[in-house]
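Subject: Structure handover

Hello,

Here is the structure, with notes on what was found in it. Please keep it open while you read.

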Amino acid sequence: MKTFFLPIYFEIQSTLKTLREVFVYHSFELASKIYVKFKTGPSWQVNTQQLLSYPTESLGYHLGCFLLQHKFEPQPRCEDHDVFHVLTDYKIDTAQEIAMQYWLWGNGKRSPFVLLAMLVGVIFYIDQYILFIEAFSSGYNSTGIHHLDFKQHLYSPISIFKSTLITSNI
């Protein structure tokens, strides 16, 4: 009898996880459109191809590679979001995006969007709590980078950021 219900159970779990992903994805899409409207500061006025022309050891080049790999272009006024992916190595799936927000909160970034993402994680991603706790702890124990103007550092070697995230201030 158990073997009869086990596949049904796994199918239900799979369907629920898919529905969760779709719901959260569309919610984040809407929230990010609202976030961009309230985000201040100028756009970097740079595209992926321009970033790929930076020196290969630079932050700009690595950002370009990340964008190319995922078929993205920099989102105006939110370009630093992808820099955080490059520096922290968090992926772009939903749980990893939320984990990166926990990292940023631990690193000192305070914004309603970060808080909203963390709340979504608590509600919809119970199975990822350990990832989120580890992300927060890692951000807390890393050098504060959330406040940097990364546009000014696009030519800087990425190794400066990678090697100093935990050991000293940039």
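The notes below cover pockets, a surface patch and a salt bridge.

This is a predicted model, in which local features need pLDDT of at least 70, side-chain atom pairs count only at pLDDT 80 or more, and totals for chains, interfaces and linings use all residues. Residues are numbered from 1 along each chain as its sequence is written, and side-chain values use heavy atoms, with hydrogens and water left out.

The largest pocket has a volume of about 760 Å³. Among the 27 residues that line it, Glu29, Ser32, Gln75, His81 and Glu97 are the closest to its centre. (A pocket is an open set of points on a 1 Å grid over the protein atoms alone, where a 1.4 Å probe fits, with protein on both sides within 12 Å along at least five of seven lines; lining residues have an atom within 4 Å of a point. Volume is the space filled by probe spheres set on the points, which are joined across faces, edges and corners.)

Helices H1 (2–38), H4 (79–88), H5 (94–106) and H6 each supply at least two residues of this lining, and H1 gives the most, with 7 residues. (Helices are DSSP runs of H or I, at least four residues, numbered from the N terminus.) By class, the lining of the largest pocket has 13 nonpolar, 5 polar and 9 charged residues. (Asp, Glu, Lys and Arg count as charged; Ala, Val, Leu, Ile, Met, Phe, Trp, Tyr, Cys and Pro as nonpolar; the others, Gly among them, as polar.)

The second largest pocket holds about 340 Å³ of space. Of its 16 lining residues, Lys39, Trp44, Arg77, Asp80 and Leu148 are the closest to the centre. That lining divides into 5 nonpolar, 4 polar and 7 charged residues.

Salt bridge

The count is 1 salt bridge (a side-chain nitrogen of Lys or Arg within 4 Å of a carboxyl oxygen of Asp or Glu). Asp89 and Lys162 form it, at 2.9 Å from N to O. Asp89 is in the loop between H4 and H5 and Lys162 is in helix H8 (residues 158–164), so the pair ties together parts 73 residues apart in sequence.

Surface patch

The patch includes Phe23, Val122 and Ile133, and its residues have about 840 Å² of accessible area together (Shrake-Rupley method, 1.4 Å probe, only the protein chains shown counting as cover). Patch residues have over 30% relative accessible area and no salt bridge, with nonpolar side chains (Val, Leu, Ile, Met, Phe, Trp, Tyr) joined within 5 Å and like charges within 9 Å.

Regards
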